[in-house]
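Visitor: Hi! I'm new to this one and would like a short tour. Could you take my questions as they come?

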Amino acid sequence: MFDNLKSSFLNYLMLSDDDSTFSGIEKWRISALRIMIISCYTLYSAVALHCIVKTIEAKYYVTLPVIACFYLVGGVQLWLSKSHYRFSAYSLLLSIVFAAVCINLMVQVPTLAMLGPVFIFSLPLVAFVLLGFKVGVICMFLNILPFVTLLNGFQLNQYMHEHPYLEEANAYVFSIIFLFFNVCIPMGIARANVANSRLNKRIIEQNVDLQLQNDFYKTLFVETDIAKLVVSSAGLVTEMNTAAEQLLHCNFKQQTQAINVSDLFIDMPETEGTKTVNLTVAGKMKMFKISRSAVLKNSYYFLTIQDVTAKTMLHKTLAAQSLLYRKQNLDDATRLPNRVWLEGHLKNRLRQSNAELCIVAIRIKNAEFVAQKHGFKTLPVMIRNLADHWLSLTKVACQFASVDPNNLTIVSELSDKNAQSLLTSFIENLPKNTLIGDQNIPLDIQLGISLSCDSDQDSERLINNALYAANSSNLDINFYDNSCLERFIEHQEINILLSEAIANDELHIEYQPKVEGDGKLIGLEALLRWRSPVIGKVSPSVFIPIAEKSGLVTSLTRWLVLNVCKQISLWQQADLKIVPVAINISGADLDQDDFHEHVIKPLSEYKINPQLIELELTESARSISNEKALSTINHLASWGFDITIDDFGIGYSGIAKLISYPVKKVKIDRQFIKNIDKDKRKLQVIEAIIAMCKVFNIQILAEGTETFAEVDTLIKLGCHNFQGYVFAKPMDAESVGQLLLIQNVLDFNKCHPLYID
């Protein structure tokens, strides 16, 4: 109960400060008024009680109504302190005046009576705290009257009839003045000072936030290469960055009249969203993608403008190529991918990661009987039905292919242990018959399994192993090789140690330069490195695929982005001219709802321009939701991040990304670069890729260059940007800093090509 009373009393005093007001009065002023009134009348209670006893003994009853009047007024002041604050505050000032008059009137000792006017001198202090500057100044001028009274020795007690003299009058007067000046007023001033300190702290915090917002606005609006407009609700363009001026051929800063956005674009999004419009700029028909998004105030919104003319033409060109590609990689009968596609798919997955792949070949044992009895067109339908049964019974992500008329081949990420239980369950729950048309056809199948953890990692051999296993015995399930246990345990150990490495900051970054043909540095690629104190140096080709499979890859990416931004900030502090740094992004990153926030936040924290960060999407950057991945990439591109396709040319997904993603650069895969000076077919492929990219203004870089003969050949084809050991191996941040310092000093156009051993 005591705690409740204490809490209620503290709440009544309003000791906490916030932005709330009552009838236009700050909360702290009400708090100060209540503190002064309560402390005043509480402390004076002892004096009042003693005085009452003595005056009754002396039969001088005139003091009793005076004391009762003061306490009655004090109670009214407290009661009205919130609802009628000004009345209560002014009445407190009048109470002080009345108390001074009572002292001067009723005290017979001249010296004590003169202390009454002194009591009035407290009015300006109280007024400044409770009613503000103007009232305080007025009280200062009004105090001239009691000051003159003191100088002239004027006293009101001369007009009073003689009354009994109280020996304690001296103690009463001095106690009242001492308590009021030493306790009540200081407590009110202290309350005001606390409120002022808290207000100053909030103002400082708000100023810091405003500065951060200003820096963020400058980085992401003013200095970005993405064209952006700020438009009012009335349709007037209020701001236009330099990129927009250049894109629209409009000098906004020199415009004397307001520009209506409808004068720039006849057709544009009326609500938040994206729209593609046609516009003639500088005599040329252009196609722009306009994205509208709201800002903090509803009266304004952003327009982000992108020139998609080249991309639209590229989309049309590649659509025809995509149709041809599908025709070459689909089985006409089943409409499933054929063996050509499956071999390429396996090759890419095996090359890019160490994930355990399980290849399941489902052989229809009674295929010849079914074909003879029900016709050859029945087998493709049976194969597709088997695929549907697999999906419904296993719920496992996989890829299907039809490698021969009697088989359905399935690729999935399964270990031998999981595969055994899964396949057994599949066999047990598979229907005995499949319905095709109005006929129930018996299902008689046999499974062959090969695992990528076999010694032979060749994609063609893995498929052949599965097909061979399906025919190797009379068992329903036949494994070609099930010796994956050691590798599984090893991967689990690496996964645990990698999680500890991220938490303990055991990772470090190396940077491999990207250069032009003459050796000029044009960029860097940030490469994760790990030296475990337990198992020593671990290759990225080992721990990154494990991280992708276990879900740790998102933590790796966030660590990489943060530390790259931190390093760029250090180079900037050293007054070095920074080149863009590329960071590899995985499909798991793109599946995260807040991934863009984890990329943008470090840039804002270290004041890094988004143009200094390049995001590389590799063939392994496969997302669960392509729509979510595309939305995330478009959002990042709108802030000024360059999007690059890595390992370009190795499969259909690279071309698909080129069609749908806002790509500015491509990196041609190493397999096309190696020995290009000796392989005419590779040369022709690279020539076609370079020609296609140049038409649509997409930058090209050849990665993995290891000989000057390869470099010379690529330069002749029109590729002038390179990354490889022939120019530079990955190096630590200190070496990169020295390299940047050299580039700042030397004229690279007159130097020999850069070569770092």
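Visitor: Is strand S22 (residues 699-703) buried or exposed?

Guide: Four of the five residues in S22 are buried, so the strand is largely enclosed by the rest of the structure. Buried means under 20% relative accessible area, exposed means over 50%, and partly exposed is in between, with a 1.4 Å probe and protein chains only. Strands (E, at least two residues) and helices (H or I, at least four) are DSSP runs, numbered from the N terminus.

Visitor: Where do these numbers come from?

Guide: This is a predicted model, where local features need pLDDT of at least 70, side-chain atom pairs count only at pLDDT 80 or more, and totals for chains, interfaces and linings use all residues. Residues are numbered from 1 along each chain as its sequence is written, and side-chain values use heavy atoms, leaving out hydrogens and water.

Visitor: Thanks! Which strands does S22 pair with?

Guide: Strand S21 (residues 665-668) pairs with S22 in the parallel sense over four bridges, and Lys665 stands opposite Gln699 there. S22 also pairs in the parallel sense with strand S23 (residues 721-723), over two bridges. Two strands pair if DSSP finds at least two bridges between them.

Visitor: How does the chain get from S22 to S23?

Guide: It passes through helix H28 (residues 708-717), and this β-α-β crossover is right-handed. That means that, with the strands pointing away from the viewer, the path from the first strand over the helix to the second runs clockwise.

Visitor: What does Arg670 touch?

Guide: Arg670 is in helix H26 (residues 670-673). Setting aside neighbours within four places in sequence, Arg670 contacts Glu703, Gly704, Thr705, Glu706 and Glu710; contact means heavy atoms within 4.5 Å.

Visitor: Which of its partners makes a polar contact with its side chain?

Guide: The side chain of Glu706 does, at 3.5 Å. A polar contact is a pair of N or O atoms within 3.5 Å; within protein, one must be able to donate a hydrogen and the other to accept it, and residues adjacent in sequence count only if both atoms are side-chain atoms.

Visitor: New topic: is Ser402 buried or exposed?

Guide: Ser402, in strand S9 (residues 399-404), has 6% relative accessibility, so it counts as buried.

Visitor: And Lys134, buried or exposed?

Guide: Lys134 is exposed, with a relative accessible area of 68%. You'll find Lys134 in helix H8 (residues 133-142).
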